[in-house]
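Me: I would like to learn how to read the main features of a fold from its coordinates. Please take one model and go through it step by step.

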Amino acid sequence: MSGRKFFVGGNWKMNGNKDEIKKIVDGLNSATLNDNTDIVVSPPACYLEYTKGLLSPKISTAGQNCYKAAKGAFTGDLSPQMLIDVGADWVIIGHSERRNVFGEGDELIAEKTAFALESAVGVIACIGEKLEEREAGKTEEVVFQQTKAIAAKVTNWDKVVLAYEPVWAIGTGKTATPQQAQDVHAQLRKWLRENVSESVANSLRIIYGGSVTGGNCKELAQSPDIDGFLVGGASLKPEFVEIINARG
Ligand code: PEP
């Protein structure tokens with residue numbers, strides 16, 4: 001056993017309204033959830049406080065993004081302080097949709113990660129290669145570069161979870177095999193050991209994201225370096241409970 005607590009995050013992306021959120025939360029609140037799993041759901045920011053108000057205290061909330069300043073002239077954005085003010089304990093930073101739809105680069109993602117951590121919100125930091133990068137044999141080069149940018153700005157890793165999410169697996173129904181995911185997670189841990197520290201390599205939770213479902217979660221959860229999941233589509237469905245309980 002690694003000693004790392006299993007962590008499952010549900011990224012609702014730009015989905016849901018009050019009625020739908022109430023149904024999802026009712027389902028989670030009435031389910032039997034493994035006490036050995038940290039559970040986080042990430043609704044759209046405008047529903048964070050509403051969701052928090054409905055959720056069992058066993059389940060934390062996360063923002064899906066934030067900026068690298070506490071306040072100011074940044075129209076349309078929000079700060080980690082604001083997320084904390086409405087009850088969030090975590091924020092997702094560097095999701096592939098932020099990187100690829102909104103053009104966020106490694107440097108900005110690293111700065112936002114550092115600022116969120118200084119502001120006392122935990123960070124689910126996302127990395128992952130595109131299909132053409134995997135096919136060109138560049139998976140490790142890409143994820144090491146993304147992790148290096150983050151590592152250059154992070155001094156305390158206690159409130160960081162690293163989410164390996166191959167872009168080709170997100171929302172596509174194409175899941176990485178347990179071996180493919182385990183291989184990258186093990187390489188990332190090795191990179192952390194060599195470039196950050198032995199203790200961060202041993203304690204940092206590295207979670208997998210990319211078309212995780214009730215059907216494939218148990219097998220993925222067996223891998224020694226997979227410490228949980230970041231879940232998109234299936235986190236809006238009743239099968240999210242099976243994913244939370246994947247470690248049994
Ligand atoms: C995600 O959005 O982080 C994700 C992994 O999505 P999906 O589970 O739908 O592939």
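This is a predicted model: local features need pLDDT of at least 70, side-chain atom pairs count only at pLDDT 80 or more; totals for chains, interfaces and linings use all residues.

Me: In what order do the 8 strands close into a barrel?

Reply: Strands of a sheet pair through backbone hydrogen bonds, either parallel or antiparallel. Here the order is β1-β2-β3-β4-β5-β6-β7-β8, with parallel pairing. From one strand to the next the twist averages 25°. Strands are DSSP runs of E with at least two residues, and helices are runs of H or I with at least four, both numbered from the N terminus. Two strands pair if DSSP finds at least two bridges between them.

Me: Over how many bridges do β1 and β8 pair?

Reply: Strand β1 (residues 6-11) and strand β8 (residues 228-231) pair over 4 bridges in the parallel sense. F7 has G228 in β8 as its bridge partner.

Me: At what angle do α5 and α7 pack?

Reply: Two packed helices are described by the angle between their axes and the distance between the axes. Helix α5 (residues 106-118) packs against helix α7 (residues 139-151) at about 40°, and their axes are 8 Å apart. That makes α5 oblique to α7. Axes are lines fitted to C-alpha atoms, for helices over the stretch in contact, and angles run from 0 to 180 degrees between N-to-C directions. Under 35 degrees counts as roughly parallel, over 145 as roughly antiparallel, 65 to 115 as roughly perpendicular, and the rest as oblique.

Me: Which residues of α5 and α7 meet?

Reply: D106, E107, I109, A110 and T113 of α5 meet Q145, Q146, A149 and I150 of α7; contact requires C-beta atoms, placed from the backbone, within 7 Å.

Me: How far apart are the axes of α7 and α8?

Reply: The axes of α7 and α8 are 11 Å apart, and the helices pack at about 45°. α7 and α8 are therefore oblique to each other.

How values were computed: Residues are numbered from 1 along each chain as its sequence is written. Two residues are in contact if their C-beta atoms, placed from the backbone, lie within 7 Å.
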